[in-house]
There are 2 protein chains.
Amino acid sequence: MPVGFDLADLARLDEVVATRRKIKQGQPLFNSGEVFTSLYAIRTGFFKTSVSTEDGREQVTGFQMAGEIMGLDGIVNDHHSCNAIALEDAEVCVMPFSNIEDLSREFPILQRHVHKIMSREIVRENSVMLLLGNMRAEERLAAFLLNLVQRLHARGFSKSEFVLRMTREEIGSYLGMKLETVSRTFSKFADEGIIEVKQRYVRIADPDALQKIFNPQPCI
Amino acid sequence: MPVGFDLADLARLDEVVATRRKIKQGQPLFNSGEVFTSLYAIRTGFFKTSVSTEDGREQVTGFQMAGEIMGLDGIVNDHHSCNAIALEDAEVCVMPFSNIEDLSREFPILQRHVHKIMSREIVRENSVMLLLGNMRAEERLAAFLLNLVQRLHARGFSKSEFVLRMTREEIGSYLGMKLETVSRTFSKFADEGIIEVKQRYVRIADPDALQKIFNPQPCI
DNA sequence: GACGTATCTTGATATACATCAAGTTTTCAT
DNA sequence: ATGAAAACTTGATGTATATCAAGATACGTC
């Protein structure tokens, strides 16, 4: 806890994250079009966010886990422009955005934090654009697995094995490929001994090989 | 100009945008890896931003024109993570981010503005992800042209004709397709009488047709 | 515990776009 | 003004991934 806060300050900061909300698996935290009031910090559980074309094609724009923030899309137009769906039973802190704005005027450290969270999301999306625009199926899936395991590891989970919370179709939507291609690429990695897969369970047997697929050596 | 500001306030706000910088065509405003200090508001000219894979493939992440803000990517790590290149001679306002943070603590209207700008960028990138992940070449180019003409129109330019500032290769990089495919798709639209193209010059002859390609009717 | 449904895997075939190639137009530097 | 380089167009061919299809596995419900 940073210095320079007295007890009254802490109480006010605590109030921002006071209210909580539980969301059942498969249920939306918010949907595109709904009025924006709050940001949400995930306490437990796993989410996907998505946008859709008018004719109903879905694009998964991200997968979010404990500690990550959702709802930033709603600030610009006071309405959400994407959907957030729980992929497992979840609990979030509801953080009214007007409170965040009020307090971040008083506490520069909070202000800085909010700015960094938004900037981080912009940078993440830049890297997804690179993935979707330039990479091949194997590179995309390697990038996805490495990113997922790194984030899980930062939360105290295993560096090498995990259980996917999303379907092949959702992975495919995020990575711009069809579920069959996701499945085939998983099988190919498994055949090559790079990973072990059994449905949702994944173990990364050779992280270096995966890294090499993601970062191919420039041909000299 | 919003109410509630006295002359002293205005002078301080004005100071944020006091310093300017000119960038020649083809030159970078900033590059990935450089230390982040400031956001930049475009006064005149046209930019592209891009990121790259380790083996040198480039992904254009956006095209920016007068009034738009660049540099948000640098906030999270105090270093830029993308490149900003002038596509024509340009001038920007250099806005030191620490000044912006200081002033936005004092002026809620500025604070709100900063938040909206960042949120808008997140929403824009969501829609690019949808484009790259789900749309076909014709839909991508239609979306691109409609977006470009809409932004130019908002700045007082023609609703139907304009001169592209970027090459076919740069358009292709942004849209996740090769320059030949961009060229062919331009030619196809021209053959169908939807647009008129002569190198960089484009006139949108049938905006409704373009809109229909972008928003295909869901098959009932 | 059995049944229906969702999810996943794998094979055969189709296709949108990439790649390779050659020629044309435009731009820019001298 | 002239030549070289960059940008663009168009055609022929190749390929990564989509699509279609069928079976296998896992999951949830009564």
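Colleague: How do the residues of the surface near DNA strand C divide into nonpolar, polar and charged?

Modeller: This is a predicted model, in which local features need pLDDT of at least 70 and side-chain atom pairs count only at pLDDT 80 or more, whereas totals for chains, interfaces and linings use all residues. Residues are numbered from 1 along each chain as its sequence is written, while chains are lettered from A and ligands numbered from 1 in the order in which they are written. A residue is near a strand if its C-beta atom, placed from the backbone, lies within 6 Å of it, and Ala, Val, Leu, Ile, Met, Phe, Trp, Tyr, Cys and Pro count as nonpolar, Asp, Glu, Lys and Arg as charged, and the others, Gly among them, as polar. The residues of this surface divide into five nonpolar, six polar and eight charged.

Colleague: Which element gives the largest share of the surface near DNA strand C?

Modeller: DNA strand C is surrounded by 19 residues, the closest being Thr167(A), Ser183(A), Ser187(A), Arg136(B) and Thr181(B). Helices (H or I, at least four residues) and strands (E, at least two) are DSSP runs numbered from the N terminus, and at least two residues each come from α5 (168-175) and α6 (179-191) of chain A and from α6 (179-191) of chain B. The largest share, six residues, is that of α6(A).

Colleague: Which element supplies the largest share of the side of chain B that touches chain A?

Modeller: Two residues are in contact if their C-beta atoms, placed from the backbone, lie within 7 Å, and the contact takes 41 residues from chain B and 41 residues from chain A. On the side of chain B, two or more residues are given by β5 (58-65), α2 (97-106) and α3 (108-134) of that chain. The largest share, 19 residues, comes from α3(B).

Colleague: Which residue of chain B comes closest to the rotation axis?

Modeller: After least-squares superposition on the C-alpha atoms of residues with pLDDT of at least 70 in both copies, chain B can be laid on chain A with an RMSD of 0.0 Å by a turn of 180° and a shift of 0.0 Å along the axis. The two copies are therefore related as by a two-fold rotation axis. Because 100% of the interface residues of chain B are also interface residues in chain A, the copies meet through the same surface. At 2.2 Å (C-alpha), the residue of chain B that comes closest to the axis is Arg105(B).

Colleague: What angle does the direction of α3(B) make with that of β5(A)?

Modeller: Two strands pair if DSSP finds at least two bridges between them, and β4 (residues 47-52) of chain A pairs with β5(A) in the antiparallel sense over six bridges, with Val51(A) opposite Gln59(A). Axes are lines fitted to C-alpha atoms, for helices over the stretch in contact, and angles run from 0 to 180 degrees between N-to-C directions; α5(A) lies across β4 and β5 of chain A, at about 100° to β5(A). α3(B) packs on the sheet, touching β4 and β5 of chain A, and its direction makes with that of β5(A) an angle of about 120°.

Colleague: Is Gln199(A) buried or exposed?

Modeller: Gln199(A), in the loop between β10 (195-198) and β11 (201-204) of chain A, has a positive phi of about 55° although it is not a glycine. With C-beta atoms placed from the backbone, a residue is buried if 20 or more other C-beta atoms lie within 10 Å of its own, exposed if 12 or fewer, and partly exposed in between. Since 9 other C-beta atoms lie within 10 Å, Gln199(A) is exposed.
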